[in-house]
Amino acid sequence: MAAPEKTVDVAIVGLGPVGAALGAMLARRGVSVCVAEKDGEIYPLPRAAHFDHEIMRLFQGLGIAEAVLAHARPAPAYRFQNAAGEVLMHFDMPPGASPSGWSPSYMFHQPGVEEALRSLLTGADVRLGRRFEGLVQDGEGVTVTLAGPRGPETVRAGYLVGCDGGASAVRKAIDGALDDYGFDEPWLVIDTRVGEGARLPDINLQICDPERPTTCVLMGPGRHRWEFMLKPGEDPAAVMDDAVIAGWLAPWGGLEHLTLERKAVYRFHGLVAQSWRSGRVFLAGDAAHQMPPFLGQGLCSGLRDAANLAWKLTEVLAGRADDALLDTYQPEREPNVRAIVEQAIFMGRVVCAIDPEVAKARDAQMIADRAKAAGAPRPPGPASTLAAGCILEGAAAAGRFFPQPWAGGSRLDDVLGDEAVMITRGAWSSDGPRSMALDAVALAPFRAALARWLDDQGADAVLVRPDRYVFGAGEPDVLARAWRAWSRQPVAA
Ligand SMILES: Cc1cc2nc3c(=O)[nH]c(=O)nc-3n(C[C@H](O)[C@H](O)[C@H](O)COP(=O)(O)OP(=O)(O)OC[C@H]3O[C@@H](n4cnc5c(N)ncnc54)[C@H](O)[C@@H]3O)c2cc1C
């Protein structure tokens, strides 16, 4: 017999890192959440190994920065080199050099970070061992059917978010078609624990050797990862043989100094769902998009989805914003995701050249380009500026990622909190949004940096969204009026 139906604000299918983060972001804002996960435990082996400063800032916002740092370390640089060791591209990523104040890039051990995320869900209705079976939606909500250990269960929710990964059953349930970027390469992924005597680089490398394109990257403390491209006709089962792996790892000390933690062949591809919303159902994370890992941005993109959706769902459920605010989710996130997918595929094509003549021409071109380029190139990764959506288009800095000054041990976001906030030069009050003047005691450590930022924009105020993107900078009354209008009747994106 079906278990009694439970009603919540938001049901989430999939307790991977994106589902867990979204659940935590909603729960801390007082939204009731039910998360259904088919597996009984956290997947014990990492897929993602890298996240960027923006994601570290999200972890900070969730109060788990310290817990995450126990499983992470900064990545000081990312280099593409050819078989002869000549540098094709090099990106320095010095600690602290990011708009968030965190290091630009971190390498981490995924299960530890997932544990930290799940620890935030103690107050939520988390149902492990429940497989999503189907959904029915109407004007008021969504009824979700799960297959549980004691039979079918149903959950009634205002909204449903499918965070159920690349094979998303939720996506299929809403007939979500995927755009395929036509990149499809098999790679062997090897994760190791590092022993004494291993000869490891202390930066991340793409070794663009046409004989065997190879990725060699740090992971969390004490671990290292390699990815080896399989050539056409190579048998995935054969390359999983430990003797083959030992040979491929020989330049770094081989299996004498490295303990295999896992080996798996993945197909790297680029896929983006055409529609991320159907009525009251949304897709986030790998359910909405998948990309080759050459930029380490698949999970990062999913966590940005979660941050974008969490505050909007909260505002709509609390009756402070019209449901149409949720229509801005895909227009805000999709261009950023597609740009990253395309950039990751571009980098993949650089790495994956296996024709020696093509590789030789690539090397010559890239070495010449590098010699011509003035200054160090920007670290790879997203310029996640919003071009449209819930922003005051035309206002200074609208859609830009708001920097987070640090002063001593304190960080701006710890003062700003979870809601949208207007930071004003002088005293200002209105019936919303929440505001803080630069002379507020709490802002004292950051006053000079914030004043400089406002000077640069020629603005008296900035309205920062809960996900730390700028709604707009300008006159506080103008910003507040636009924000309130937006909430009541969002402009079509
Ligand atoms: C080799 C490799 C390296 C990568 N490196 C990086 C990197 O360095 N940086 C980065 O940012 N990204 C990286 N990625 C991508 C990253 O791993 C994914 O983008 C990320 O794991 C997606 O998280 P998710 O929560 O959306 O999906 P998943 O992690 O797939 O989680 C989905 C969850 O949904 C559950 N589920 C599925 N179906 C159902 C159902 N029917 N009912 C209930 N539950 C269900 C699953 O059990 C799972 O727990 C890499 C990927 C690979 C393969």
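How many residues lie between β10 and β11 in the hairpin that they form? I found 2 residues between them. Before going on, I noted that the model is predicted, that local features need pLDDT of at least 70, that side-chain atom pairs count only at pLDDT 80 or more, and that totals for chains, interfaces and linings use all residues. I also noted that residues are numbered from 1 along each chain as its sequence is written, and that side-chain values use heavy atoms, with hydrogens and water left out.

**Entry 1: terms for strands and burial**

I took helices (H or I, at least four residues) and strands (E, at least two) as DSSP runs, numbered from the N terminus. I counted two strands as paired if DSSP finds at least two bridges between them. I used "buried" for under 20% relative accessible area, "exposed" for over 50% and "partly exposed" for values in between, with a 1.4 Å probe and protein chains only.

**Entry 2: β11 and its partners**

I looked up strand β10 (residues 142–148) and found it joined to β11 by 7 bridges, the two running antiparallel. G148 stands opposite G151 in β11. I then followed β11 to strand β18 (residues 281–283), where the pairing is parallel over 3 bridges. The bridge partner of L160 in β18 is V281. Strand β11 (residues 151–162) is mostly covered, with 10 of its 12 residues buried.

**Entry 3: the β5–β6 hairpin**

I recorded an antiparallel pairing over 5 bridges between strand β5 (residues 77–82) and strand β6 (residues 87–92). F80 stands opposite M89 in β6. The hairpin of β5 and β6 has 4 residues between the strands, and G85 in the turn has a positive phi of about 85°.

**Entry 4: two open sheets**

I traced an open sheet of 3 strands in the order β3-β7-β4, with antiparallel pairing. Its edge strands, β3 (50–52) and β4 (72–74), each pair on one side only. Neighbouring strands of this sheet are turned by 30° against each other on average, direction ignored; the axes are lines fitted to C-alpha atoms, for helices over the stretch in contact, and angles run from 0 to 180 degrees between N-to-C directions. Within this sheet I checked β3 against strand β7 (residues 105–108) and found antiparallel pairing over 3 bridges. H50 stands opposite M107 in β7.

I then traced an open sheet of 4 strands in the order β23-β22-β24-β25, where the pairing is mixed. The edge strands here are β23 (435–437) and β25 (470–474), each pairing on one side only. Strand β24 (residues 461–464) and β25 pair in the antiparallel sense over 4 bridges, and L463 stands opposite G472 in β25.

**Entry 5: single residues**

Is R468 buried or exposed? R468 counts as buried, because its relative accessibility is 7%. I placed R468 in the loop between β24 and β25, and its phi is near 75°, a positive value in a residue other than glycine.

I looked up D175 as well, which has a phi near 55°, also positive in a residue other than glycine. D175 sits in the loop between α5 (169–173) and β12 (178–194), and at 69% relative accessibility D175 counts as exposed.

H224 lies in strand β15 (residues 223–229) and is buried, with a relative accessible area of 1%. The C-alpha atoms of H224 and D191 are separated by 6.1 Å, although the two are 33 residues apart along the chain.

**Entry 6: the second largest pocket**

I took a pocket, on a 1 Å grid over the protein atoms alone, as an open set of points where a 1.4 Å probe fits, with protein on both sides within 12 Å along at least five of seven lines; lining residues have an atom within 4 Å of a point. Grid points are joined across faces, edges and corners, and a volume is the space filled by probe spheres set on the points.

The second largest pocket holds about 390 Å³ of space. It is lined by 27 residues, and L58, A307, P466, D467 and R468 lie nearest its centre. I found that α2 (53–61), α9 (298–317), α10 (329–351) and α12 (412–416) each supply at least two lining residues, and that α2 gives the largest share, 5 residues.

Why does the second largest pocket lie between domain 1 and domain 2? The pocket lies there because domain 1 (3–72 + 106–179 + 271–344) and domain 2 (406–488) both give residues to its lining. The domain bounds come from an automatic or database domain assignment.
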